[in-house]
Amino acid sequence: MRRLLVTGGAGFIGSNFIRHWLSAHPDSSVLNYDVLTYAANLANLADVEARFGDRYQFVQGDIANLELARHLLRWFRPDAIVNFAAESHNSRAVVDPQSFFRTNVLGTQSLLEAARTVGIRFHHISTCEVFGDLPLDSPQRFDEDSPLRPRTPYNASKAAADLAVRAYAETFRLPVTISVCCNNYGPYQFPEKLIPTFAIHALEGRPLPLYRNSDHRREWLHVLDHCRAVEAILLRGTPGRTYNVGSGVEVSVEEMADTVLGILDADPGLKTYVPDRPGHDRRYLLDSTRLRTELGWRPLVAWEQGIRETVLWYRDHPDWWRPLLARLAVDESAWETAVEGGSERSLFTAR
Ligand SMILES: NC(=O)c1ccc[n+]([C@@H]2O[C@H](COP(=O)([O-])OP(=O)(O)OC[C@H]3O[C@@H](n4cnc5c(N)ncnc54)[C@H](O)[C@@H]3O)[C@@H](O)[C@H]2O)c1
């Protein structure tokens with residue numbers, strides 16, 4: 001597999017993936033196809049352009065543009081499409097759900113349609129959030145056959161995209177694979193997400209906004225381990241299959257805040273409690289036995305080392321994140337709680 005068309009490659013995971021793929025496969029080339037939303041940042045790839053020359057190319061475009069996608073497939077002749085492109089922030093999806101369904105569902109379907117005309121391998125990046133949430137005390141994990149029970153517009157749009165991908169496999173025999181990954185952390189993550197938010201607020205001495213239900217947990221995987229999982233699936237995965245990608249490392253929001261504050265030696269009093277976002281999931285945990293046993297994948301980055309390096313990366317790269325702060329659109333401390341019929345409901349007060 002020498003030529004990849006990577007969508008959303010100017011975002012967090014896509015840019016890490018392009019760097020990883022070009023480093024690991026010296027005879028390969030990548031075309032990055034990204035519309036450049038607020039979450040994109042070509043600075044994520046400045047070193048890639050310098051290091052890999054014309055093995056890396058960039059086209060600005062929308063995955064929902066079928067004509068452009070078809071043209072790129074004819075011109076670049078990739079061996080596979082890897083679809084990272086998405087609207088990816090749950091909080092934004094509460095405020096503007098439509099853009100999520102447009103890109104994540106219709107955009108993915110359009111790309112599938114382009115892929116179908118040439119019968120190309122299609123790898124789709126999904127999220128553990130499509131399964132809905134688990135009770136905090138449950139011994140259960142989601143496996144690849146767990147029912148899709150999304151609870152937020154972002155999660156529903158990703159679940160719908162997964163179904164579109166599966167439908168193209170069944171109906172048109174398109175050789176697809178899907179990876180369903182837990183929460184990623186690492187360098188180049190847009191500052192609206194939890195870890196960069198906590199790190200940047202701690203560095204600037206500003207309050208860290210923790211949802212009141214700060215015992216809610218997430219499973220965390222270093223972004224390079226996610227990239228290695230996608231690589232393994234592209235090279236050795238069985239078309240038609242879905243693979244869960246999980247670390248087994250669960251961390252609560254409270255523990256995450258304490259960890260970030262500890263690494264930066266910042267004031268624990270910066271923790272402040274704000275109402276939860278509507279539909280704030282309690283917990284996700286993946287069973288990634290299939291990926292581990294069939295493809296021999298396992299995470300290589302230990303949590304303690306990975307989170308320390310990540311937080312220190314944000315400390316050492318203010319020139320990377322400072323210009324991005326002007327693009328933040330959701331104030332995480334502006335959710336409000338209303339009591340209706342005896343039960344609590346969360347709302348958002350738009351700025
Ligand atoms: N971040 C996580 O923890 C996580 C976990 C599991 C799965 N995922 C999935 O991984 C993928 C990448 O996530 P991320 O965190 O890197 O997201 P991101 O928001 O950092 O990057 C998304 C990229 O997609 C591009 N994009 C958006 N709409 C587009 C369109 N219509 N056409 C072309 N490009 C478009 C953006 O410009 C941006 O560069 C997403 O599909 C997301 O659902 C993310």
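## Ground rules

Helices (H or I, at least four residues) and strands (E, at least two) are DSSP runs here, numbered from the N terminus. Arginine 74, for instance, sits in helix 3 (residues 66-76). What you're looking at is a predicted model, where local features need pLDDT of at least 70, side-chain atom pairs count only at pLDDT 80 or more, and totals for chains, interfaces and linings use all residues. Residues are numbered from 1 along each chain as its sequence is written, and side-chain values use heavy atoms, with hydrogens and water left out.

Let's start with strand 6 (residues 176-181), which is mostly covered: six of its six residues are buried. Buried means under 20% relative accessible area, exposed means over 50%, and partly exposed is in between (1.4 Å probe, protein chains only). In a regular strand the side chains alternate between the two faces of the sheet.

Which strands flank strand 6? Strand 5 (residues 121-127) pairs with strand 6 in the parallel sense over six bridges, and strand 10 (residues 242-245) pairs with strand 6, also parallel, over four bridges. Two strands count as paired if DSSP finds at least two bridges between them.

## Around the ligand

Now for the ligand. There are 28 residues around the ligand, and Ile13, Asp34, Ser88, Tyr154 and Lys158 come nearest; a residue is near a molecule if one of its heavy atoms lies within 4 Å of it. Helix 1 (12-24), strand 5, helix 6 and strand 7 (183-185) each supply at least two residues of this shell. Strand 5 gives the largest share, three residues.

A few polar contacts (pairs of N or O atoms within 3.5 Å; within protein, one must be able to donate a hydrogen and the other to accept it, and residues adjacent in sequence count only if both atoms are side-chain atoms) are worth a look. An N or O atom in the side chain of aspartate 62 is 2.9 Å from a nitrogen atom of the ligand. Isoleucine 63 uses its backbone instead: an N or O atom there lies 2.9 Å from a nitrogen atom of the ligand. Lysine 158 has a polar side-chain atom 2.7 Å from an oxygen atom of the ligand. On its own the ligand has 840 Å² of accessible area, and the protein covers 97% of it. Accessible areas come from the Shrake-Rupley method with a 1.4 Å probe; for residues, only the protein chains shown count as cover.

Glutamate 113 lies in helix 5 (residues 97-118). Is glutamate 113 buried or exposed? Its relative accessible area is 15%, so it counts as buried. Not counting residues up to four places away in sequence, glutamate 113 touches Leu66, Arg70 and Tyr168, where contact means heavy atoms within 4.5 Å.

Arginine 92, in helix 4 (residues 90-95), is buried too, because its relative accessibility is 14%. Leaving aside neighbours within four places in sequence, its contacts include Tyr38, Phe100, Glu192 and Arg327.

## Positive phi and exposed spots

Two residues other than glycine have a positive phi. Arginine 173 has phi near 60°, and tyrosine 188 has phi of about 75°. Arginine 173 is in the loop between helix 6 and strand 6 and is exposed at 65% relative accessibility. Tyrosine 188, in the loop between strand 7 and helix 7 (194-204), is buried at 15%.

Back to arginine 74: this residue is exposed, with a relative accessible area of 54%. Arginine 74 and valine 118 are 44 residues apart in sequence but 8.4 Å apart in space, C-alpha to C-alpha. Proline 268, in the loop between helix 9 (253-263) and strand 12 (271-274), is exposed at 54%. Proline 268 and alanine 202 are 66 residues apart in sequence and 9.3 Å apart in space, C-alpha to C-alpha.
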